Amino acid sequence: MRVLSPCKINLHLGILGKRNDGYHNLESFFLEVPWYDVIDIESNDSGLIVMKTVGIDLGNEEDNICFKAARLLKNIYNVEKGCTISLKKNIPVGAGLGGGSSNAASTLKSLISLWNIDIEKSETIDLAKRLGADVPFFMMGGLCHVKGIGDILTRVENKIFDYYLLIIYDNIHVSTPWAYKNLKKELTIENKCTKFDTVVLRGLDIDVLNEFRNDFEETVFESYPELANIKKDLYDNGACFSLMSGSGSSVFGIFKDSRNAIEAMRKADERGAVTKLVKI
């Protein structure tokens with residue numbers, strides 16, 4: 001079975017407060033993006049989980065989130081069969097695009113089918129939570145309003161049509177723990193309702209994006225001014241909205257005119273950045 005494992009961007013990312021368990025409550029809008037890793041998964045009778053990657057070395061196979069997803073499913077449901085997983089990475093690693101979380105969700109969904117596991121949808125979300133905060137979103141996909149630690153999801157109607165999304169990854173790694181530690185914002189344990197709840201009711205349109213932000217940008221841009229320059233360049237090239245995704249370091253721009261998006265992509269390509277242009 002071959003599956004395409006998409007990425008996501010954060011159209012908004014607000015950090016609401018620190019929890020008693022050390023995690024942070026957040027509010028975000030996740031948009032699934034058709035930039036894909038490719039995963040080939042086959043069931044086998046050996047009972048063994050075999051993991052390999054193509055084109056990139058991701059270290060010990062047992063540390064890979066696809067392997068962990070398969071092992072979790074196999075152990076919880078006492079599956080006798082095994083599987084072979086081959087992962088071809090196209091989505092940059094550590095870019096704030098959720099590629100690994102997507103890989104985990106794709107693996108779960110594929111093996112539930114291949115191993116004929118009878119499971120309720122709520123159970124799949126619970127499994128996903130155990131693998132990572134962003135994994136539950138990729139079990140749903142589309143456009144979601146996200147709260148909690150990333151596990152409270154509400155599907156949102158996407159009213160943005162015929163726009164172009166350009167993602168630029170300039171080969172800069174930003175540590176997520178570092179970004180949280182240095183976040184320039186007063187945090188409390190409170191989790192207050194925000195104005196963005198109205199978007200959930202009415203749907204997302206292009207005008208609302210101007211009210212969106214990423215709370216990590218101030219911290220990250222101060223230490224990595226190159227990323228701030230990418231955002232400026234996207235606006236200078238005609239983007240109607242631009243933001244850093246996650247804690248970095250991908251920066252995206254949304255364009256109405258494909259020619260402007262292509263020109264911005266050309267400039268980023270010339271300096272050696274990794275780019276992806278898709279229609280949304």
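1. K231 touches E217, F221, S242, L243 and V251, leaving out residues up to four places away in sequence, where contact means heavy atoms within 4.5 Å. K231 sits in helix α8 (residues 225-236), and at 17% relative accessibility K231 counts as buried (under 20% relative accessible area, with exposed over 50% and partly exposed in between, for a 1.4 Å probe and protein chains only). Helices (H or I, at least four residues) and strands (E, at least two) are DSSP runs numbered from the N terminus.

2. This is a predicted model, in which local features need pLDDT of at least 70 and side-chain atom pairs count only at pLDDT 80 or more, while totals for chains, interfaces and linings use all residues. Residues are numbered from 1 along each chain as its sequence is written, and side-chain values use heavy atoms, with hydrogens and water left out.

3. S28 belongs to strand β2 (residues 24-44) and is buried, with a relative accessible area of 0%. Apart from neighbours within four places in sequence, S28 is in contact with N10, H12, L13, C144, H145 and V146; a polar atom of the S28 side chain lies 2.5 Å from the backbone oxygen of H12.

4. The axes of helix α2 (residues 99-114) and helix α3 (residues 121-131) come within 10 Å and cross at roughly 140 degrees, the axes being lines fitted to C-alpha atoms over the stretch in contact, with angles running from 0 to 180 degrees between N-to-C directions. The contact is made by A104, L108 and I112 of α2 together with T124, L127, A128 and L131 of α3.

How values were computed. Polar contact = N/O pair within 3.5 Å; in protein donor to acceptor, adjacent residues only side chain to side chain.
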